[in-house]
Amino acid sequence: MPHPSNKSFYSFMFFTLLLIGCQSKSSTEEQVEPRQFDQSLADELKALAEVDQVAANIPQGEYTKLSKRDWHNFKDSVFRANQIRAAQLLEKHGFIGYDFEIGRAFPINLGDSASVDVRRKALGMESLESYLNEMTEMHFMMNKGYYSEKGITSPSFYPIEK
């Protein structure tokens, strides 16, 4: 799991949770009932990111009064608590994984995958395949040397139905 002091990690978590954050009826039912955006979860993630960035920085404000040992204890407790909470949220809501052999992103622990695009559309989001293709391309570009050594010259995208 990435280190929780990375702002992009929390952005990733936020958008991953949006990926499946709306409850729906069983995929065997005809209608999908989107739920309202989970503002309390969004607020929690924002607060986690804010305290994480305090701990990831040099001591400022009231934290300058802490001893070196107390500062490190504070940092460790923040990182540990955030990592535990992040793991709980990712286990519950799912996350993006990567198949390094073909260089493709894929969802892990995706609940009710049959209606995920209906829920995403209700939130004004692109299709899951489009999102996965964006993540695939970013991952491929960051690891281009690795893939080049394996003879893979381009990302492996999901087909997008129009």
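Modeller: A contact means heavy atoms within 4.5 Å. Among contacts in the protein chain between residues at least 6 apart in sequence, 62% join residues at least 24 apart. Please note that this is a predicted model, in which local features need pLDDT of at least 70 and side-chain atom pairs count only at pLDDT 80 or more, while totals for chains, interfaces and linings use all residues. Residues are numbered from 1 along each chain as its sequence is written, and side-chain values use heavy atoms, with hydrogens and water left out.

Biologist: What is the secondary structure of the protein chain, and which pattern does the chain follow along the sequence?

Modeller: Helices (H or I, at least four residues) and strands (E, at least two) are DSSP runs, numbered from the N terminus. The protein chain has six helices and two strands, arranged along the sequence as α-α-α-β-β-α-α-α.

Biologist: How much of the protein chain do buried residues make up?

Modeller: Buried means under 20% relative accessible area, exposed over 50%, and partly exposed in between, with a 1.4 Å probe and protein chains only. Of the 162 residues in the protein chain, 31% are buried.

Biologist: Where do the buried residues of helix α2 fall, seen down its axis?

Modeller: The arc is that of the directions from the helix axis to the C-beta atoms. In α2, the residues L41, A42, L45, L48, A49, D52 and A55 are buried. Seen down the axis, the buried residues of α2 fall within an arc of 150°, so they line one face of the helix. The face of α2 turned away from that buried side carries the exposed residues S40 and K46.

Biologist: Which residues form the largest nonpolar core?

Modeller: A nonpolar core is a set of buried Ala, Val, Leu, Ile, Met, Phe, Trp, Tyr and Cys residues joined through side-chain atoms within 4.5 Å. The largest one here has eight residues: I96, A105, V116, L128, Y131, L132, M135 and Y158. Helix α5 (residues 128-142) gives the largest share of this core, four residues. A second, separate core of five residues includes W71, F74, V78 and F79. Leaving out residues up to four places away in sequence, L132 touches I96, A105, F106, P107 and Y158.

Biologist: Is D99 buried, exposed or partly exposed, and which residues does D99 touch?

Modeller: D99, in strand β1 (residues 95-99), is partly exposed, with a relative accessible area of 30%. Not counting residues up to four places away in sequence, D99 touches R104, F106 and Y147.
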